[in-house]
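Welcome! Please take a moment to look over the sequence and the 3D structure shown here before reading on.

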Amino acid sequence: MEKRLNILELQPQAYKAMYGLENYLQTTRLSPIHKELIKIRASQINGCAFCIDMHTKDAMKNGETAQRIFLLNAWKETALFTEEEKIVLGITEEVTLIHQHGVSQKMYDKAISIFDKEYVAQIIMAAVTINAWNRIAISTQLEVPKE
């Protein structure tokens, strides 16, 4: 891949604002596993290798299993994810694929029946944040570090 510009160096205030969103997410009630599922699933949809690499490692540090990570892109086809996790993943997909139909009423109603409105808002903000990071990483061709 061609080496591209470094937004952190060129636009440090933009990165500071993005880190503000990350810092906000640390104050939410979102469980560490919910946060990582959101980050991995959105990154899979967007094809962001850098973020998939980072967040699968973070998920495993937080106790996520390799099997669930391997099956995350087929979460609807397995019983390995709880009903709550399926709602988190459904919202994540609908926010990430916002151009299709947005967050559907069915998904919203399901989310509100399981979580309170504050938690649903936090899920949405986590999905919005990782989508922004994906766009930065993909646009600048951020490389996956070699181990």
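Predicted model: local features only at pLDDT ≥ 70, side-chain atom pairs only at ≥ 80, totals over all residues.

Residues are numbered from 1 along each chain as its sequence is written, and side-chain values use heavy atoms, with hydrogens and water left out.

**The largest pocket**

Rolling a probe the size of a water molecule over the atoms shows where empty space is left. Here a pocket is an open set of points on a 1 Å grid over the protein atoms alone, where a 1.4 Å probe fits, with protein on both sides within 12 Å along at least five of seven lines; lining residues have an atom within 4 Å of a point. The largest pocket holds about 430 Å³ of space, a volume being the space filled by probe spheres set on the points, which are joined across faces, edges and corners. Its lining has 23 residues, and Y15, F50, A137, T140 and L142 lie nearest the centre. By type, the lining residues are 13 nonpolar, 4 polar and 6 charged. In this count Ala, Val, Leu, Ile, Met, Phe, Trp, Tyr, Cys and Pro are nonpolar, Asp, Glu, Lys and Arg are charged, and the others, Gly among them, are polar. Helix 1 (7-10), helix 2 (12-26), helix 4 (49-61) and helix 9 (117-139) each give at least two residues to this lining. Helices are DSSP runs (H or I, at least four residues), numbered from the N terminus.

**The nonpolar cores**

A nonpolar core is a set of buried Ala, Val, Leu, Ile, Met, Phe, Trp, Tyr and Cys residues joined through side-chain atoms within 4.5 Å. Buried means under 20% relative accessible area, exposed over 50%, and partly exposed in between (1.4 Å probe, protein chains only). The largest core has 25 residues, and I38, I91, F115 and I123 have the most contacts inside it. Helix 9 provides the largest share of this core, 9 residues. Leaving aside neighbours within four places in sequence, I38 is in contact (heavy atoms within 4.5 Å) with V88, T92, I123, A126, A127 and I130. Apart from this core lies another, of 9 residues, including I33, L37, A59 and I69.

**Helix 4**

Which residues of helix 4 are buried? They are F50, C51, D53, H55, T56 and A59. Helix 3, helix 5 (66-70) and helix 9 are among what covers them. After helix 4 comes G63, with a positive phi near 100°.

| Residue | Relative accessibility | Class |
|---|---|---|
| G90 | 4% | buried |
| Q141 | 22% | partly exposed |
| V128 | 37% | partly exposed |
| E147 | 82% | exposed |

G90 is found in helix 6 (residues 83-96). Beyond its neighbours within four places in sequence, G90 is in contact with W75 and M107. V128 belongs to helix 9, and its C-alpha atom is 7.1 Å from that of V95, 33 residues apart along the chain.

Most residues other than glycine have a negative phi. Q141 is not a glycine, yet has a positive phi of about 50°. Q141 sits in the segment after helix 9, and E147 lies in the segment after helix 9 too.
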